[in-house]
Amino acid sequence: MTQSEFLNIVMPFKDKVFRLAKRLLISTEEAEDATQEILLKLWNNKTKIEGYKNVEAFSMTMTKNFCLDKLKSKQAQNLKIVHSNYEDKQTALQKQVELNDSVNWVGKIIEELPEQQRLIIQLRDIEEYDFDEIADMLGINNTAVRVNLSRARKTIRERLTNTHNYGIK
Amino acid sequence: MVLNSIEKLIEKYENGETSLKEEQVLKNYFTSDTVAPHLEMYKPMFTYFLANQQEQFTKDVSLKTKKAFNYKWISVAAVAVLMLGFYFNKPSDVGTIDDPEIAFSEVSKSLAMISNHFNKGTSTVGYLNEVNKGTSTLGYLTEIENTTNIIFKKTNN
C-alpha cells in the first residue's frame, strides 16, 4: 500500500478520530498527540488494513481504547491534564455561532458525563453514526447504546434547563 | 403543526429512538431563527453539536516510508568475516613430526614425564594412613563411656 492510498483511506475520518480523542481527553494537545499516535499505528500496520471490513469503525475503536488507556495511565493520575488552550478554541467557536454562553455550557455539561455517555453523544450527535456502528465500535449492544444515549441527552437537557432558569425561578 | 411534530420528535429524541434523518430535522430546526420560546433550551445543544462537527485535525503527521534497518544482516556479516578470518589465517606449523622413530621417542619422553609427576602426587597420599591410625586410638573412648554408664545407672537407682 502506498502512502497516497493510505491517505485516501485515512483522511476522511482523521478529524473524527481527533474529535473523539478530544471529547475524552479534553485537552487539544493531548488529542492531537493521540490522533498522531493512532495514525502512525495504522500506518505501521498498513499491510493488515486491507483485512479489516470497516477501517473507520476499527480506528474509532482503537481511538477509544487508546484514550481510555491514556486516562487510566499513571501519568494522568499523577498529573491532571491541563487544558488552558480550551477556552481559546471555544471563543473561536462562540464567534461562529453567536450563542456565547449557552453553547459553552453544553460543552461543560458533556465533559461531566460518564465516559461511556460522552463517547456515545460524540459518536451519535456529532459524528452521526448509525446505532449499529456505534454498538460495534464500543463493543456493546444496540439497546445499551440507546439507553446510554437517552440518559446522556436527558442529563444535558435537564442541566441546560437549570442553568437557563438559574436566578429566574 | 410544525411545532407539534418537533415536540414529538424531541420526545423521541430524548428516548434515543430517533433516526439520523429525524435528528437532522431537529438540528435544522434548532439552528434556524424561529425556535419556539419553550424549546429555547435545546438550541445551544444542537448548535454545539453542529459547531463541533467542524473541528478539524490540523497537525501534520509524518509517515515514514523508510524501512527500519534489519539487524539480522549484521549477524550474517559477522559470521562471514569470521569465516574469512579462519580461511586466510590457517596456522602453518603446529610441530608435526614426519619420521615415525623420532615421533615414537618424543611420545615416550613426554609420557615418562607425565608418569614421573603422577608418582610424586600419589606418594603424598600415603599420609592418609596416619589418619586411620588416629581414628583407631579413638576406640579407647568407648571404654570411658562404659564407666560413665555404670555411674549413671547407680545414680538412677
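A21(A) touches A31(A), A34(A), T35(A), T63(A) and C67(A), leaving aside residues up to four places away in sequence; touching, or contact, here means C-beta atoms, placed from the backbone, that lie within 7 Å. The model is a predicted one, so local features need pLDDT of at least 70 and side-chain atom pairs count only at pLDDT 80 or more, while totals for chains, interfaces and linings use all residues. Residues are numbered from 1 along each chain as its sequence is written, and chains are lettered from A and ligands numbered from 1 in the order in which they are written.

Now for the overall make-up. Chain A has 10 helices and 0 strands, where helices (H or I, at least four residues) and strands (E, at least two) are DSSP runs numbered from the N terminus. Chain B comes with 7 helices and 0 strands. Burial goes by a simple count: a residue is buried with 20 or more other C-beta atoms within 10 Å of its own, exposed with 12 or fewer, and partly exposed in between, with C-beta atoms placed from the backbone. On that count, 32% of the 169 residues of chain A are buried, and for the 157 residues of chain B the figure is 11%. In chain A, 66% of the contacts with a separation of 6 or more are between residues 24 or more positions apart.

Back to A21(A), which is one of the residues that touch the most other members of the largest nonpolar core, along with A34(A), V106(A), I120(A), I134(A), I156(A) and M45(B). This core has 45 residues, a nonpolar core being a set of buried Ala, Val, Leu, Ile, Met, Phe, Trp, Tyr and Cys residues joined through C-beta atoms within 7 Å. Helix α1 (residues 3-25) of chain A supplies the largest share of the core, at 7 residues. Domain 1 (1-83) and domain 2 (84-169) of chain A both contribute residues, so the core lies between them; the domain bounds come from an automatic or database domain assignment. In soluble globular proteins, nonpolar side chains tend to be buried together.

Next, the pairing of α1(A) with helix α2 (residues 28-44) of chain A. Their axes come within 8 Å and cross at roughly 145 degrees; axes are lines fitted to C-alpha atoms, for helices over the stretch in contact, and angles run from 0 to 180 degrees between N-to-C directions. From α1(A), the contact takes in F6(A), V10(A), K14(A), V17(A), F18(A), A21(A), K22(A) and L25(A). On the α2(A) side, the residues include A31(A), A34(A), I38(A), L42(A) and W43(A). By class, the contact of α1(A) with α2(A) has 12 nonpolar, 2 polar and 3 charged residues, with Ala, Val, Leu, Ile, Met, Phe, Trp, Tyr, Cys and Pro counted as nonpolar, Asp, Glu, Lys and Arg as charged, and the others, Gly among them, as polar.

A couple of leucines are worth a look here. L7(A) sits in helix α1 of chain A and is partly exposed, having 15 other C-beta atoms within 10 Å. L7(A) and L39(A) are 32 residues apart in sequence and 9.8 Å apart in space, C-alpha to C-alpha. L71(A) belongs to helix α4 (residues 55-72) of chain A and is partly exposed too, with 16 other C-beta atoms within 10 Å. Between L71(A) and L25(A) there are 46 residues of sequence separation and 7.2 Å of space, C-alpha to C-alpha.

Some backbone angles also stand out. I26(A), in the loop between α1 and α2 of chain A, has a positive phi of about 70 degrees although it is not a glycine. I26(A) counts as partly exposed, with 17 C-beta neighbours inside 10 Å. E128(A), another non-glycine, has a positive phi of about 55 degrees and lies in the loop between α8 (115-126) and α9 (131-138) of chain A. Just after α9(A), G139(A) takes a positive phi of about 70 degrees. The buried residues of α9(A) itself are F131(A), I134(A), D136(A) and M137(A).

Finally, the two chains meet. On the chain B side, 23 residues are in contact with 34 residues of chain A. Helices α1 (2-14) and α3 (42-53) of chain B each supply at least two residues of that side, and α3(B) gives the most, with 10 residues. The residues on the side of chain B that touches chain A divide into 12 nonpolar, 7 polar and 4 charged.

Note on methods. Contact = placed C-beta atoms within 7 Å.
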